[in-house]
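Below are my notes, as numbered points, to read alongside the model.

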Amino acid sequence: MNIFDMFVVPRGADGERGADLMERSGSALRERAIAALDLHVAARVLEIGFGPGLALEALVPLVPGGHVTGLDPSPLMHRRARARNEEAVRGGRLELVAGDANQLPFAAGSFNAVLAIDNAHFWADRPAALGQIRRVIDGAPASLVLALSPQSGGSARAVIRDLNTAAFEVDYDNESSDGFLIRATAI
């Protein structure tokens, strides 16, 4: 078992096992994270590290006048997410883009909500990635929700410090048995 191939940039048999595991777990944290975004019907939402597309599937109906974009480096996850969300992709309500958090291929101010569930600990340079997110997020309100499960490790305090450095104000953080959740607003 190779953790990189299973969860960081899923590929091959390990990636398929990782995707299967993602599909069977994390629903409580995912639901809390989506609710914390507090989306309006015309929101422009970016999900970083969308995995098999479960959160994308939940986000699309929440923004009937908006748009959802997913960013993930794994072709395997693109295939899984596209199959799960085929109608939304075909209808132009969802776009899937290859890439990672450290080099967001979007114009400044492209989104007013950003979600990352259980992957900020895999970002090559979290402060730089948060700077990229700050660049592409705009509007009122403009929020970022980061969620990390207990098994991912990491410190909420360190994430909050990095958010403050990247010109985000943390307005909500909560830890429960399914992980910690941080919502921050661009300042």
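Which residues are buried in α5? Point 1 takes that up; please keep in mind throughout that this is a predicted model.

1. **Helix α5.** The buried residues here are L76, M77, H78, R80 and A81. The one I would look at on screen is R80, an arginine within the 75-84 span of α5. Its relative accessible area is 14%, and with the cut-off for buried set at under 20%, R80 therefore counts as buried. Leaving aside residues up to four places away in sequence, R80 touches E16, A19, D20, E23 and P52.

2. **A link from α5 to α4.** R84 and E57 form a salt bridge, with 3.4 Å between the closest N and O atoms. Because R84 sits in helix α5 and E57 in helix α4, the pair ties together parts that are 27 residues apart in sequence. R84 is partly exposed at 28% relative accessible area, and E57 is partly exposed as well, at 39%.

3. **Helix α3, buried side.** In α3 (residues 27-37), the buried set is L29, R30, A33, I34, A36 and L37. These residues span an arc of only 160 degrees around the axis, so they end up on the same side of α3. Their cover includes the helices α2 (12-24) and α4 (54-59), together with the strands β1 (44-48), β4 (113-117), β5 (143-148) and β7 (179-186).

4. **Helix α3, the other face and the end.** Turned away from the buried side of α3 are the exposed residues E31 and A35. Just after the helix, D38 adopts a positive phi of about 50 degrees.

5. How many salt bridges does the structure hold? The total is 6. In one of them, the side chains of R32 and D178 meet at 2.5 Å, N to O. This pair links distant parts of the chain, 146 residues apart: R32 belongs to helix α3, while D178 is in the loop between β6 and β7.

6. **Strand β4.** Is β4 largely enclosed or open? Since 5 of its 5 residues are buried, β4 is largely enclosed by the rest of the structure. A113, L115 and I117 point one way from the strand, and V114 and A116 point the other way. On one pairing, β1 and β4 run parallel and are joined by 4 bridges, with E47 opposite L115. On another, β4 and β5 also run parallel and are joined by 5 bridges; here L115 stands opposite V145.

7. **The aromatic pair.** A pair of aromatic rings is described by the distance of the centres and the angle of the planes. The count in this model is 1 aromatic pair. F106 and F111 make up that pair, with 5.0 Å centre to centre and 90 degrees between the planes, an edge-to-face arrangement. Both phenylalanines, F106 and F111, are buried.

8. **Helix α8.** Across residues 156-165, the buried positions of α8 are A158, V159, D162 and L163. Viewed down the axis, they fall within an arc of 140 degrees, so they line one face of the helix. They pack against α7 (126-136), β5, β6 (168-176) and β7. R157 and R161 are exposed on the other side of α8. Just after the helix, A167 takes a positive phi of about 70 degrees.

9. Side chains of opposite charge can pair when their charged atoms come close. E86 and R90 do this with closest N and O atoms 2.9 Å apart. Both residues lie in α6 (residues 86-90), 4 residues apart, which is about one turn of the helix. E86 is partly exposed at 45% relative accessible area, whereas R90 is exposed at 59%. Elsewhere, salt bridges that share partners connect R126, R161 and D162 into one network.

Notes
Residues are numbered from 1 along each chain as its sequence is written. This is a predicted model: local features need pLDDT of at least 70, side-chain atom pairs count only at pLDDT 80 or more; totals for chains, interfaces and linings use all residues. Side-chain values use heavy atoms; hydrogens and water are left out. Helices (H or I, at least four residues) and strands (E, at least two) are DSSP runs, numbered from the N terminus. Buried means under 20% relative accessible area, exposed over 50%, partly exposed in between (1.4 Å probe, protein chains only). Contact means heavy atoms within 4.5 Å. The arc is that of the directions from the helix axis to the C-beta atoms. Rings of Phe, Tyr and Trp (its six-membered ring) pair if their centres lie within 6.5 Å; planes under 30 degrees apart count as stacked, over 60 as edge-to-face and the rest as tilted. Two strands pair if DSSP finds at least two bridges between them. A salt bridge is a side-chain nitrogen of Lys or Arg within 4 Å of a carboxyl oxygen of Asp or Glu.
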